[in-house]
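Subject: Structure handover

Hello,

Please find the structure below. My notes on it follow, for you to read beside it.

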Amino acid sequence: MLIYPKHKATHKLQPANTAMLNESTSSHSTVEEIGRIARAVQPNPSRERSFIMVVTRNGHMSEHVMDYAVNVAHRLGYSILAVHVDTLPLFNRSRRSRLFAHAMQESMALFQEKAASNEVIVEHLGELGKIGHVIGRLCRAKKRIEFVAIDKGIRVEEAARHSPVPVFPVLTTQQGVFSKPHSLSSTKKGVFAMSTTSRKRHLKQCILFGALTSTLYGAVFAYQDLVMTYFTKGGVYAVLPVATVFAVSYFHGNFTGSFWSALGIEASKKKTATQVAPQPQTTDTVVAPRPDTRPRLQVNA
Amino acid sequence: MHGPIGEVIQFIDLNAYTITFLFIVGFIGGLVSGFIGSGGAFVLTPGMMSLGVPGTVAVASNMCHKFPKALVGAIKRYKYGQVDIKLGLIMGVFAEIGVQLGIMIQKAILDKWGQAGSNLYVSVIFVLVLVIVGSFVMRDAIKMKRAKMETDVGSTGLAQRLQKIELWPMMTMKTANLRISMWFLLPVALATGMLAATIAVGGFIGVPGMMYIIGVTSIVASATELVIAFVMGLGGTLIWAYYGMVDIRLVMIILAGSLFGVQLGAIGTTYVKDYMIKYVMATIMLIVAVSRLFALPKYLNELHLIAMNDTSVSIATKLSFGIMCLALLIGASIILANLFKARRLEKAAMLNV
């Protein structure tokens, strides 16, 4: 069943009812013109439209969320408001926000494409701040948001606390199935998934840290006599070699890491996820039921 | 100079041969460490000494290169979700105590039987531990390979029984996915530290100990060993650096190679089947054991327990070092071969989809 956030529960209606109310109000106000009724059913850019708000905090929205939103919007005759929320606007400001913006564009292009084939209108917003606050603010600022669908990575409690309308997380048992043909690196997470040109990024990092490493090595070996005198004095001077190797492990560690990545030698995509908790092998001969791969709605708004 | 030893230490001059040698050994050692959690160190100390580096400086520099390497490897493998930090830190602290114990034992032996006696003790421990543990791990790896087990269940009978014993304080390890009393971690960690103090590679006890006594999968065990190595290495380095024994130039050259290696080794673990880690580890252990066998005559000779002429002793010593290098080379080539084979297969599979 649908459960509403307590403080708003009395003012709001269930989505199905709202949809009906929606139609009936539009028909009330347009008794004279029958043409408008048709327009209410057709998705059009009039102000009367209802919205499904789809929220993600990732650069790339999950495709099963897009698919779900598009299908539901198509059936109900709603429009979609896609919101990308950058929850860490102050973290690593320049690079991260640039990657985020780039990923957002790619993600929206895909969403628009999916929506266009179903004749659904998608509006897009990029927001900064906490998920809950953004949802709360948008629901109040924008009219007729009927419900909110959230992508993976957002806690439903956090979204529901601030939302005046129901919130649904869209889950799927097999994420890969939906994203395979487009493959926006759904296996990766967070910041690392944001750029499609990761090879180039690794190359840049490789050059940057390579330069830093060579500077460090150059400095130590150019002044070896001085370095050796102080570094082997012992006592408090023990900090010097230890600090130096920490610096080496940071600069050179990053350099070597991006070096292999730039060469395209990276971890296996298949195994990393399953390595932590390997499933014990079942020896049953009973054929396991086929996994249900449809995206599903978890109702605990 | 602070310490009394500092006065007599001669730091060597570097030349192209020294640099190339250290870089390559560093790389191969790093590759093996990234993959099985430790290794490489046992070749570096005698290797540096053969270049003319004084023994203490070789040991100190080796120790100092170990912990940044372990740090980088641990971070890399943490990204793959293979490291149990809690287990690693707890065991690292106890292993540090083990190191101090090991040093005390070494000192006692040194006082009683002199340098040759101490060397003999180290070699005997080397051979005993490596042969016993190595053959056990090898047997297990072959068994797993025969049974075609894709994943490592991790729990042997012993580990399962120990995990059932509720003895305060119980500890829950999330990544390793187990709950066990601290009293069973303690001996494994102490033994790891003592072995590290004796032969510079604690992982040869630490990783099998975690796999068979605590019940961690080989992937998590080898990754967690890197955390233990980091804690032990940092502690050891601080002590050696306090006496001014660390040659930062040697350390940096070795690190230049070994960080390349450790990254590649860590990447390798994501491609191979779990028994591969055990297999590589056992192979290296057994070959190193053979190598130490050849080192024994020298010490027995010095103690006048056997009589051998100098030429055969020097041949045996050289052979010993050669076989040790071979052990690392074989380990490294198994890792690389498997890595690239698995990559090819994965690429082919992706194209077919």
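Does B:Asn177 count as buried, exposed or partly exposed, and why? With 17 C-beta neighbours inside 10 Å, B:Asn177 counts as partly exposed. The rule is that a residue is buried if 20 or more other C-beta atoms lie within 10 Å of its own, exposed if 12 or fewer, and partly exposed in between, with C-beta atoms placed from the backbone.

Before the rest, some points on reading the notes. This is a predicted model, so local features need pLDDT of at least 70 and side-chain atom pairs count only at pLDDT 80 or more, while totals for chains, interfaces and linings use all residues. Residues are numbered from 1 along each chain as its sequence is written, and chains are lettered from A and ligands numbered from 1 in the order in which they are written. Helices (H or I, at least four residues) and strands (E, at least two) are DSSP runs, numbered from the N terminus.

Chain B overall

Chain B holds 11 helices and two strands. Read from the N terminus, the order of its elements is α-α-α-α-α-β-β-α-α-α-α-α-α. The chain has 353 residues, of which 55% count as buried. Two residues are in contact if their C-beta atoms, placed from the backbone, lie within 7 Å. Among contacts in chain B between residues at least 6 apart in sequence, 82% join residues at least 24 apart.

Strand S1 (residues 170-173) of chain B pairs with S2(B) in the antiparallel sense, over four bridges; strands pair if DSSP finds at least two bridges between them. In this pairing B:Thr172 stands opposite B:Arg179 of S2(B). Strand S2 (residues 178-181) has B:Leu178 and B:Ile180 on its covered face, and B:Arg179 and B:Ser181 on its uncovered one.

The hairpin has four residues between the strands. B:Asn177 lies in this loop between S1 and S2 of chain B, and its phi is near 65°, a positive value in a residue other than glycine. B:His304 also has a positive phi, near 60°. B:His304 is in the loop between H10 and H11 of chain B and, with 8 C-beta neighbours inside 10 Å, counts as exposed.

The peptide bond from B:Trp168 to B:Pro169 is cis, with omega near -5°. B:Pro169 sits in the loop between helix H5 (157-164) and S1 of chain B. As background, most residues other than glycine have a negative phi, and most peptide bonds are trans.

Helices of chain B

H8(B) and helix H10 (residues 274-302) of chain B pack at an angle of about 55°, with their axes 8 Å apart. Axes are lines fitted to C-alpha atoms, for helices over the stretch in contact, and angles run from 0 to 180 degrees between N-to-C directions. The two helices are therefore oblique to each other (under 35 degrees is roughly parallel, over 145 roughly antiparallel, 65 to 115 roughly perpendicular, and the rest oblique). B:Ser218, B:Ile219 and B:Ser222 of H8(B) make this contact with B:Asp274, B:Ile277 and B:Lys278 of H10(B).

H11(B) has 43 residues, which at 1.5 Å a residue should span 63 Å; its end C-alpha atoms are 63 Å apart, which agrees. The expected span is 1.5 Å times one less than the number of residues. Buried residues of H11(B) include B:Ser320, B:Met324, B:Gly331 and B:Leu339. Their cover includes helix H1 (16-36), helix H2 (41-50), H9 and H10 of chain B.

Where the chains meet

The contact between the chains takes 42 residues from chain B and 36 residues from chain A. On the side of chain B that touches chain A, the elements giving two or more residues are helix H3 (55-79), helix H8 (218-242), helix H9 (248-269) and helix H11 (310-352) of chain B. H9(B) provides the largest share of that side, 11 residues.

A look at chain A

A:Ile150 is in strand S4 (residues 145-150) of chain A. With 26 C-beta neighbours inside 10 Å, A:Ile150 counts as buried. Leaving aside neighbours within four places in sequence, its contacts are A:Val55, A:Val156, A:Ala159, A:Val167 and A:Pro169. Just after H3(A), A:Gly77 takes a positive phi of about 75°.

Regards
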